[in-house]
Amino acid sequence: MKKKILIIVSNANSIGPNNRRTGTFLPEVAHPYAEFEQADYQIDFASLTGDTPYLDALNLANDPANLAFLTGRGWEAMQKAGKLSDADVGSYDAVFIPGGLAPMVDMPENALLKQIIKETYERNAVIGAVCHGPVSLLNVKLSDGSYLIDGKNITSFTDEEENNYALADVPFLLETALTQQGAKFHAATPWSDHSIVDGNLVTGQNPASAKGVAEKMISLLESVQN
C-alpha cells in the first residue's frame, strides 16, 4: 500500500509587535513535498483552522523544487488544506510540520495539535518537523505525563540563528524553550544542512535541512514492512 503523509501547516500570516508578514517558509514545504512525491506517497495537507494557509519566501521561487511546488500540485493542494480537526490522522504513516515564523504564532499551545502529535508518536508513526516547525513538539505530554521531547535528541532553528533573523518578532526562543522541557538539543553551524533522528522523531535545523528531514522520514517509513 502507498504510504500516507499528512503535512500540518500554520494559518498565521503575521507575527510580533510589528506584524511582520509570515507564513509557511516555501522551501520547507516544497523540498519535502518533492521527496515525498518522488517516493510515490499520498500527500495531504491540513491546517489548524481549515482556512487557506499562507506562504513566505516567495522570492525563492526560482529554486527548481520551489517552482515545481508552486506551479504543480503542491501549492494547489496546500491551498485546499482540510481542517485538522476533520483529518483522520490515525490513518497516516507520518506527519510533517514545516516551519517559517508562522508556527510560532499558532502552534505552541494548540491543544488539538498537541493531542495529535502525542497519539501519532505513541502509535509509532513517524513525526518530522523542520526549522520553527518543532515548536509543534513543545508542550506535548505523553500518556505517562512526561514531555515528549524530554531526553530526545532534536534540533530546530537555533537561538544563534534567531538572533540574526527575527529576534524582535518571535514570542520566545525556540531552542531555549525546547531545552527547558528536557530536549537534548543539537546545533550545527548556522544555516547549514542539519537533521537528526531519534526513534520515530525527525527534526531539522533550518530551511537548508528540509530535504534531509524528508529523506530521513522516508528511510524510517521504508524500514517498516507494509
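Is Phe157 buried or exposed, and what is the relative accessible area of Phe157? Phe157 is buried, with a relative accessible area of 1%; buried means under 20%, exposed over 50% and partly exposed in between, for a 1.4 Å probe and protein chains only.

This is a predicted model, in which local features need pLDDT of at least 70 and side-chain atom pairs count only at pLDDT 80 or more, while totals for chains, interfaces and linings use all residues. Residues are numbered from 1 along each chain as its sequence is written, and side-chain values use heavy atoms, without hydrogens and water.

**Aromatic pairs**

The whole structure contains eight aromatic pairs. Rings of Phe, Tyr and Trp (its six-membered ring) pair if their centres lie within 6.5 Å; planes under 30 degrees apart count as stacked, over 60 as edge-to-face and the rest as tilted. Two of the pairs are listed here.

| Pair | Centre to centre | Angle between planes | Class |
|---|---|---|---|
| Tyr33 and Phe69 | 5.4 Å | 80° | edge-to-face |
| Phe157 and Tyr165 | 5.6 Å | 75° | edge-to-face |

Tyr33 lies in helix H1 and Phe69 in helix H2 (residues 64-71), 36 residues apart; helices are DSSP runs of H or I with at least four residues, numbered from the N terminus. Tyr33 is buried at 7% relative accessible area, and Phe69 is buried at 2%. Tyr165, in contrast, is partly exposed, at 27%. Ring pairs also link Tyr33, Phe45 and Phe69 into a cluster.

Key. Helices (H or I, at least four residues) and strands (E, at least two) are DSSP runs, numbered from the N terminus.
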